[in-house]
Amino acid sequence: MRWMWIDRVVELVPRERLVAIKNVSLAEEHLHDHFPATGGAGIGGRAAMPIMPASLILEGMAQTAGILVGHADGFKEKVILAKVSRAELTREAGPGDQLWYTATIRTLSGAGASTEGVVELVEPGGSGRSEIGRIDLMFSHLDQNMAGQSFPEHNFVFSEGFRTLLRTSGVAADF
Amino acid sequence: MGRDEIFDTVREVLVDALAVDEDEVTADAKIMGDLGAESIDILDIQFKLEQAFGFKIAQGEMFPEGVMQDPEYVQDGKITDKGLDELKAKMPHFDFSKLGGDRSVTGIGGIFTVDTLVSFCQQKLQAA
């Protein structure tokens, strides 16, 4: 499994806003463990309830916002998630649902960035996007904040997977 | 903007950044020791102060960074005379007289209080 929790970037306003989508699928193994059926079919048993873990929705927003922050300086900085300032989700997402992540930069500096994020859900056959949560994050530029420690020169944060994602979304990824 | 008004805004920022109760944010509360801030929270507080007051804060302007890694300023975990002079010049919002005789570098956290931040913001606003 690749650690990619967004499928496509659908909008990018450099240094301002990035919108990405994630299609939730039953082919994702973890959905079968989150949550499996318990206790058989009789009384006390519970049918399986495949829902996307909230922690992975948070990761999806972190990747959305992280790309936005990384893009701001041409992916030169190693952008690391440093703080979850706020995370609220009001309902779950299941197979067939599509998640929309909109990340907006609030502050950007040499040391890092803070972002605000809205999570929306599109249900198949539903009436469009409806907000299901807010996730505000802080990112640190790794090389600027670790008291002079040095890290590998190549940008291991934005790996080949991210470059592929950007390229297939029509965003230049020649870094 | 008066000092009380600045204090109120600083308190709002700290409540938001550190998820602490308003009554915990007293003038002499230590940002790290009492309010539980970690290093990334310092950057968060910096961002939020910038937004609240509309000034820019350079890296290492609010809380000492570069000085601490310089062997000329810090030796064996203690701040040298030269280091202390440098800190006093760069960080006028800190009250270094409270640092204590041992001048331990870790003691800086102990004198970084809500009051320090209020003084910092007041000086920034006056300089603007």
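What share of the contacts in chain B with a separation of 6 or more comes from residues 24 or more positions apart? I looked it up and found 57%, where a contact means two C-beta atoms, placed from the backbone, within 7 Å.

**Ground rules.** I am reading a predicted model, in which local features need pLDDT of at least 70, side-chain atom pairs count only at pLDDT 80 or more, and totals for chains, interfaces and linings use all residues. Residues are numbered from 1 along each chain as its sequence is written, while chains are lettered from A and ligands numbered from 1 in the order in which they are written.

**Chain B.** I found six helices and two strands here, running α-α-α-β-β-α-α-α from the N terminus on. Both are DSSP runs numbered from the N terminus: helices are H or I with at least four residues, strands E with at least two. I noted a radius of gyration of 14 Å, which agrees with the value near 14 Å for a compact globule of 128 residues; it is taken over C-alpha atoms, and the rule is 2.2 Å times the number of residues to the power 0.38. Of the 128 residues, 30% are buried (20 or more other C-beta atoms within 10 Å of a residue's own; exposed is 12 or fewer, partly exposed in between; C-beta atoms are placed from the backbone).

**Helix 3 of chain A.** Next I turned to residues 160–168, where A:F162, A:L165 and A:L166 are buried. They share one side of the helix because their arc is only 95°, counted from the directions from the helix axis to the C-beta atoms. On the other side I found A:E160, A:G161, A:R167 and A:T168 exposed. The buried residues pack against strand 1 (8–13) and helix 1 (54–71) of chain A. After helix 3 comes A:G170, with a positive phi near 80°.
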